[in-house]
Amino acid sequence: MASTFTKLLEPLAVGPLTLRNRVVMSALTRSRSVPTNVPNDLNLEYYAQRARGGAGLITTEGTLICQQGTEWQNAPGIWNQDQVAAWKKITDAVHAEGGVIFTQLWHLGRVSHPDAPEQKASGMPVYGPSSIAARGGKFRFLPGEPGYATPVALDDPSMLINMYRQAAINAKEAGFDGVELHAAGGHLVHQFLDSTSNKRTDAYGGSIENRARFGFEILKELVSIWGSKRVAVRLSPAGGYNDVGMPLQENIDTFRYFISQADDLDLGYICLVRYFPLLDPIFDGKRRATKHDVLETYRPCIKKSTLILNGDLTPEEANQLIAAKKIDAAAFGILWISHPDLAKRIEHGIPIDAKPDPKTFYGSGPQIPYEEQKKGYTDYPAAQL
C-alpha cells in the first residue's frame, strides 16, 4: 500500500547531513544500561532495530555527562572511555543501517538524589542553580522511596560547562553525528532558565539574559567542538515536569529570548516539546505547567535552524504540519517504543497498532536477569513487509 504521508517521508538536509525522512526518534529514557552506566549489547540491538526500522534521525536517551544519582537506574553516560567505546559500537551499528544518530547530553541538576549509589560514587553533591528543592520525585530503588532533596547551589557554573564540553569531545570520539543539549524537562539547563528554580544574584540569575547565560554558554562550547549544524537543543517551554514553569508572560519572554539567541547560532535543529498533560504534574490541586501553544508562540523565533516538534504527535498531524511549513520534522517517542519499524510502517501504510506496556518503559535495575531486560525493549516485533 502506498503511503499518504508524502511530506513526512521526504528527505531533509540538516547542515552536512541528509536525513532519509522526517520521522525522528525522540530521546527516550529506558534505563537498560546494566549493570551500571555503560551501554551494552542490548542497547546496541535496541538502537539498531530502530535504524533498521527507517528512523530519519535517532536521538539517544538522555546521556549523562557525569556520574549522577538519577531516578532512573542504569541511564548511560559518556564521561569515561568504557562508555565511549560502547557507544562507538552502537553508532557503527546505526550507520550500518543507514541511520543518523545524535546523543542527548544530560545533567539532571537538582533532581538527582544524594543517597543514590551513583551520586555517592561520584563524590559530588547534587547541584542546582539555587538551593531550592523541586516538588515531587520518587526514587523507588532507595529505602522509603524518597522524593527530591534540596540541592547545593552551584558555586561556579563553568565547572559543569566544562563537563558538557568534555562530553561533546567524547561524543565525537564515539562516532555520533552530532549532539543535542537537553535543556527541557526541568533538568539543569531548564532550571537555570526558570525563575522559580533560579534565584541567583550573580551573572547567571535575575534577568532573562542572565538566566539564559548558562545554556547559551554550553551551546557555544558544543559549537566550538562540532560546528553549529551538528549541534541541537531540546526545549519544553510549557514546563510542568520536575516543578518548573513561570507566569505566562515571563515564560514567553524567557523562551523567545533563548530560542532567538540559539537560532542565531545557526544550529542543526531546535526541538520544541509542546504541552501535553502526561508531563504536567499536580501540586496543591493545580496543574504545574504554564500551558500555552508552544508551536505558534515560538515558531517565529526560528529562522535559521531546522524545527522539530515533539509531544503526542500522530503521523497524520505531523504530515499536515510539515505540508503547512509550520515544522520541518516530527519527533515521536512512545510510538517508537512499541514500533521499532515506525518509519517503515508509515512508508508502507502498515497499521501503527502495537500497544505499548508502560510497566516496561523503564528498566527495573541491574538485579533483573538479562533476558527479562528485553521485555518491552527489544521484543516488540517489526511488521512483515
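The model is predicted, and its residues are numbered from 1 along each chain as the sequence is written. Among its features are a cis peptide bond from Val 34 to Pro 35, a positive phi at Asn 74 and another at Asn 242, while 2 cavities of 30 Å³ or more are held inside the structure.

**Backbone features**

- Most residues other than glycine have a negative phi, and most peptide bonds are trans.
- The bond that joins Val 34 to Pro 35 is cis, with omega near 5°, and Pro 35 itself belongs to the loop that runs between strand 3 (23-25) and helix 1 (41-52).
- Asn 74, although it is not a glycine, has a positive phi of about 65°, and this residue sits in the loop between strand 4 (57-64) and helix 2 (81-96).
- Asn 74 has a relative accessible area of 7%, and because this is under 20% the residue counts as buried.
- Asn 242 is likewise not a glycine and has a positive phi, here of about 60°, and its place is in the loop between strand 9 (231-235) and helix 7 (248-264).
- With a relative accessible area of 5%, Asn 242 is also buried.

**The second largest pocket**

- The second largest pocket has a volume of about 200 Å³, and of the 16 residues in its lining, those closest to its centre are Thr 36, Gln 73, Asn 74, Pro 117 and Glu 118.

- The largest cavity has a volume of about 80 Å³, and of the 14 residues that line it, Gln 68, His 107, Gln 119, Pro 125 and Tyr 127 are the closest to its centre.
- Helix 3 (117-122) and helix 4 (158-173) each contribute at least two residues to the lining of the largest cavity, in which 7 residues are nonpolar, 7 are polar and none is charged.
- Strand 3 and strand 10 (269-273) each supply at least two residues of the lining of the second largest cavity, which by class has 6 nonpolar, 2 polar and 2 charged residues.

Definitions and conventions
Predicted model: local features only at pLDDT ≥ 70, side-chain atom pairs only at ≥ 80, totals over all residues. Heavy atoms only, no water. Helix = DSSP H or I, 4+ residues; strand = E, 2+ residues; numbered from the N terminus. Buried < 20%, exposed > 50% of the residue type's maximum accessible area, 1.4 Å probe, protein only. 1 Å grid on protein atoms, 1.4 Å probe; cavity = no way out; pocket = protein on both sides within 12 Å on 5 of 7 lines; lining within 4 Å. Points joined across faces, edges and corners; volume = space filled by probe spheres on them. Nonpolar A, V, L, I, M, F, W, Y, C, P; charged D, E, K, R; others polar.
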